[in-house]
Amino acid sequence: MNALKGKRAVFYTLGCKLNFAETSTIQKQMEAAGVETARNGESADICIVNTCSVTEVADSKSRQAINRLHRKHPNALMVATGCYKPPLTPPLWGENFLFVDGKQKGEIVKLIAERIATPLQAEKTDTLALEGDKRGIFVPACARGERTRFFLKVQDGCDYFCTYCTIPFARGRSRNGSIASLVKQAEEAARQGGKEVVLTGVNIGDFGKTTGERFIDLLQALDEAEGIQRYRISSIEPNLLTEEVIRFCSQSRAFMPHFHIPLQSGSDEVLRLMHRRYDTKFFGEKIQEVLTYIPDAFIGVDVIVGMRGETDELFAEALNFMEAMPVSQYHVFSYSERPGTKALQIPGIVSPEQKHERSQQVLKLSDKKLRTHYNIYKGQTRPVLLEHSKNAGIMHGFTDNYIRVEVKNQELKGKGLDNTIVQVRLGEWNEKGDALIGEIE
Ligand code: SF4
């Protein structure tokens, strides 16, 4: 790693929380190898872009980020990693470009050092794909986001192969950290002052593929770990959110009444085209199960509109189902064509205009659901974790059941309430309409 000593690097991340946590780990590893992080305005020897490829827009943003950094640091080694695979021919970013496959992220520092030591072997290094090891290794990551909560990566990759998704190809098969190592990372986050940890991964509920451990045992061990006061599970497939997990969360010390469950479509026909592993009946029963154990839970739900084969009739059916679901919010994504996916063989392309129109309808429904969830809790007192704020007179935070709260109070000045859990009485909507105004009790 001598080749890296004294070099300066810049880091740029796109996409999900998992990517942000991983960039933070790569940065720490680079620093341990003697690389300094370039400050704003300083020139860099190495640029590392952790890309996203969830949609065509994400692809284009990834490309733009690489272009921008290449223009700013024309002599730097440009390293792209993550889910977006840039075209390697023609060489858009010159010889001085290294693509590190998502499955090779664990070896990124070594690959960069090798490339810097032997620049002429560029082509050989570029094609170092883990052909024989589609699962890849698990690269641990735990990072603080926006100065308050920590994101702990517990799992990576996916074995599901939904027809529209490239993640199993980009990130490899499902793998995970051991319970013991993850508990240690949570305890370390607590030592650094962390109060809330969000468990992240690609298909979290599939935890255990490499260690033979169970997801429920991970939750129990984290709940018993010292220091962390709040855990949230970032997203879990409905078929993997077992009754045992829900029951455990309802009685646990620190797991919040908050679930994020992908539905993707409210039409059974579209779910079948997507190769999802449940139908709408199962999903509806799962939501009821959550609310039976945890009636005040916040339930966020992902949906994709405009999947190939989603006719007007099927979308109308999906929207009716979504309307009937007692959930708190929908996160809408427009289907986008991904090279190499099975979905490309499905007939019935939905036009961009139709996709836009359908997104708008789901967003409108989501707004209604969110307002209903918030309105139920007006007048109640709930625990809120106050977040770092640049404006000492106004602070924001989330209740246990994920209601955004604004605490407006000149008296907060200088009180150092950042990263503190306080009891807040919830009042009316704020002016912007994105939070309830609260008063600290
Ligand atoms: S579950 Fe499906 S959508 Fe989610 S990452 Fe795996 S293949 Fe992609």
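Start with the shell around the ligand in this predicted model: by class, the residues there are eight nonpolar, one polar and one charged. To see them, select C158, Y160, F161, C162, C165, I167, P168, V202, N203 and E237.

Next, colour the chain by its domain assignment. Domain 1 covers 2–126, domain 2 covers 134–256, domain 3 covers 258–376 and domain 4 covers 381–440. Show domain 2 and domain 4 together; their centres, taken over C-alpha atoms, are 27 Å apart. Where the two meet, nine residues of domain 2 are in contact with six residues of domain 4. The domain 2 side of this contact has five charged, three polar and one nonpolar residue.

Now go to the open sheet. Five parallel strands make up this sheet, in the order β2-β1-β3-β4-β5. Which strands stand at the edges? They are β2 and β5 (97–101); each has a single partner strand, so one side of each has no neighbour in the sheet.

Select β1, residues 8–13, which pairs with β2 in the parallel sense over two bridges. In this pair, R8 is opposite E36 of β2.

Finish at E36, in strand β2 (residues 36–37). Why does E36 count as partly exposed? Because it has 15 C-beta neighbours inside 10 Å, a count between the limits of 12 or fewer for exposed and 20 or more for buried. From E36, draw a C-alpha to C-alpha distance to I48: the two are 12 residues apart in sequence and 13 Å apart in space.

Notes
Residues are numbered from 1 along each chain as its sequence is written. This is a predicted model: local features need pLDDT of at least 70, side-chain atom pairs count only at pLDDT 80 or more; totals for chains, interfaces and linings use all residues. A residue is near a molecule or strand if its C-beta atom, placed from the backbone, lies within 6 Å of it. Ala, Val, Leu, Ile, Met, Phe, Trp, Tyr, Cys and Pro count as nonpolar, Asp, Glu, Lys and Arg as charged, and the others, Gly among them, as polar. Domain bounds come from an automatic or database domain assignment. Two residues are in contact if their C-beta atoms, placed from the backbone, lie within 7 Å. Helices (H or I, at least four residues) and strands (E, at least two) are DSSP runs, numbered from the N terminus. Two strands pair if DSSP finds at least two bridges between them.
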